[in-house]
Structure formats: structure tokens, C-alpha cells
Amino acid sequence: TINMNPLLDPNVAYLLLVIGVVLGILALFSPGTGILEIGALFTLFLSGYGAVNLDINAWAIGVLLLGIVPFIFAIRKARNWPLLVASIIVIIFGSVFLFRTENGSPAVNFWLALVTSLVSGGILWFIGRKGLEAISMDKDFDLSRLIGQVGVARTQIFTEGTVYVRGEEWSAFSVQPIQSGTKVRVIERNGLMLKVEPAEQIS
């Protein structure tokens, strides 16, 4: 008899697994709303339902976990690009070979696995790259370092305006009108609002 339950289709279970893993990793680095967490749990639950009712390679589960752990470690601690690339490859390999046919061959459609691997690998690479960049720029987010920095007024500044300082745009105000394009120096910080004056005044 033909099983009409789509969750018992290895291709569907594979897709759900990949989506769940990607959403779970996204949730680790973008916490807050809970939407990613719920999506990850839901898709992983559905994939797990299929896994317990399908033939799987137990070793592939270990490979999949072996890839996820160093991926997170590479971003949060190691700051290691080769480790990041290797972990993505391992995650893709483990997910593709998780489901098998009765004779032991991969049960997931080759083209589906290829396209999904490319897409998920690209997403994981993007997440990992941004994570490593964020780690390398941690010190740049020490807002106290903005005091004394010289930047450029992007707009006219008085009660409000925008300045470009240390590679980023910031909201700013001043005690006197400052024309757009003027070099300014940060003299005070109120939250994420910078108080600036023309740089020439504090030379």
C-alpha cells in the first residue's frame, strides 16, 4: 500500500530537518521574538516524527551533531574560518545521508539534496560570516570609545541630525547649527545620541 502521509516521505522529512536546523541556528544568534525558536522546534518535531518511522543511518545523526557543535563554537568562540567551512560541509553531509532506503542507499532525491544543500549552505555561511564579523567588531561597539572621535555631518545638525563616525551613522545633536559635510567631534554621548561640535572648535 502507498503511504499517503507526507511526513513519512524521506524528502519531506529531509527538508523539514534542514529548515529546522537553519532556523535553530538563526534563533541562537537572533534571539528575542521567539518566532524562530517556535519554527525550529515545530519543523524539527515534524522531521523527528518522520525519522522514527523511516529507516535512518544512526551514524548520520552523530555526523549532523558533530557539524552543528563546531559551527556554533566557530562563531562564538573560535573565530575560525576553516572550522566554519568544515562544519557547514559536515552538517550538509549528515542531513543528506540521514534517511536511507531498505538497501542502505540515500533515500533523499539527489537533485533535491543538491539544491537544498546549496541554499542551506549559503544561509549558514551568511550566518557564520556575520557572526564572525560581529565578534571581530566587538570592541567597536564600546560606545565610550566614541568620545573624542572625529566624523562628518551627514545632515544639518542642531536639535537633531546624523553624523558618520567610525564607519557607522549615528543620531546627533549640537548646541549650534552645523552644516552638512562639516567635520565634527563627539564630545558627549546620551544613550545612542551623540553630542557633537565642529571639529575646528576643539583642535
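Biologist: What is the volume of the largest cavity, and how should I read such a feature?

Modeller: Rolling a probe the size of a water molecule over the atoms shows where empty space is left. In this structure, which is a predicted model, the largest cavity has a volume of about 70 Å³, and a search of the whole structure finds one cavity of 30 Å³ or more.

Biologist: Which residues line the largest cavity, and which elements give two or more of them?

Modeller: The lining of the largest cavity consists of Leu 17, Val 18, Val 21, Val 22, Leu 64, Ile 91, Ile 92, Ser 95, Ser 120 and Leu 124. Two or more of the lining residues come from each of helix H1 (10-29), helix H4 (81-96) and H5, and H1 gives the most, with four residues.

Biologist: How much space lies in the largest pocket, and which residues are the closest to its centre?

Modeller: A pocket differs from a cavity in being open, whereas a probe in a cavity cannot get out. The largest pocket here holds about 310 Å³ of space, and of the 20 residues that line this pocket, Leu 17, Val 21, Leu 44, Leu 64 and Ile 68 are the closest to its centre. At least two residues of the pocket lining are supplied by each of H1, helix H2 (35-53) and helix H3 (58-78), with H1 giving the most, namely seven residues.

Biologist: How many helices and strands are there in the chain, and in what order do the elements run?

Modeller: The chain has five helices and five strands, and from the N terminus on the elements run α-α-α-α-α-β-β-β-β-β. Of the 203 residues, 36% count as buried, while the chain exposes about 11700 Å², with carbon and sulfur atoms supplying 65% of that area. Among contacts between residues at least 6 apart in sequence, 54% join residues at least 24 apart.

Biologist: Where on the surface is there a nonpolar patch, and is Trp 111 buried or exposed?

Modeller: A residue counts as exposed when its relative accessible area is over 50%. Trp 111 is therefore exposed, with a relative accessible area of 59%, and its place is in helix H5 (residues 110-136). Together with Phe 110, Leu 114, Val 115, Leu 118, Val 119 and Ile 123, Trp 111 forms a nonpolar patch on the surface, and these residues have about 720 Å² of accessible area together.

Biologist: How many salt bridges does the structure hold, and which parts does the pair tie together?

Modeller: Side chains of opposite charge can pair when their charged atoms come close. The structure holds one salt bridge, in which Arg 154 pairs with Glu 169, the closest N and O atoms being 3.2 Å apart. Because Arg 154 lies in the loop between strand S1 (150-153) and strand S2 (162-165), and Glu 169 lies in strand S3 (residues 168-173), the pair ties together parts that are 15 residues apart in sequence. Arg 154 counts as partly exposed, at 42% relative accessibility.

Biologist: Is Leu 98 buried or exposed, and with which residues is Leu 98 in contact?

Modeller: Leu 98 has its place in the loop between H4 and H5, and it counts as buried because its relative accessibility is 7%. When its neighbours within four places in sequence are left aside, Leu 98 is in contact with Leu 17, Asp 55, Ile 56, Asn 57, Ala 60 and Ile 61. One of these, Asp 55, is 43 residues from Leu 98 in sequence, with 8.6 Å between the C-alpha atoms.

Biologist: Where is the place of Ile 178, and is this residue buried or exposed?

Modeller: Ile 178 lies in the loop between S3 and strand S4 (183-190), and at 2% relative accessibility it counts as buried. Neighbours within four places in sequence aside, its contacts are Ala 153, Thr 155, Gln 156, Ile 157, Val 184, Val 196, Glu 197 and Pro 198. The C-alpha atoms of Ile 178 and Val 196 are separated by 9.1 Å, although these residues are 18 apart along the chain.

Biologist: Which residues does Val 12 touch?

Modeller: Not counting residues up to four places away in sequence, Val 12 touches Pro 6 and Leu 7. Val 12 lies in helix H1 and counts as partly exposed, at 28% relative accessibility. Val 108 is 96 residues from Val 12 in sequence, and 8.8 Å from it in space, C-alpha to C-alpha.

Terms used. Residues numbered from 1 in each chain as written. Predicted model: local features only at pLDDT ≥ 70, side-chain atom pairs only at ≥ 80, totals over all residues. Heavy atoms only, no water. Patch = residues over 30% accessible without salt bridge, like charges linked within 9 Å, V, L, I, M, F, W, Y side chains within 5 Å. Areas by Shrake-Rupley, 256 points an atom, 1.4 Å probe, with all protein chains shown as cover. Salt bridge = Lys/Arg side-chain N within 4 Å of Asp/Glu carboxyl O. Buried < 20%, exposed > 50% of the residue type's maximum accessible area, 1.4 Å probe, protein only. Contact = heavy atoms within 4.5 Å. 1 Å grid on protein atoms, 1.4 Å probe; cavity = no way out; pocket = protein on both sides within 12 Å on 5 of 7 lines; lining within 4 Å. Points joined across faces, edges and corners; volume = space filled by probe spheres on them.
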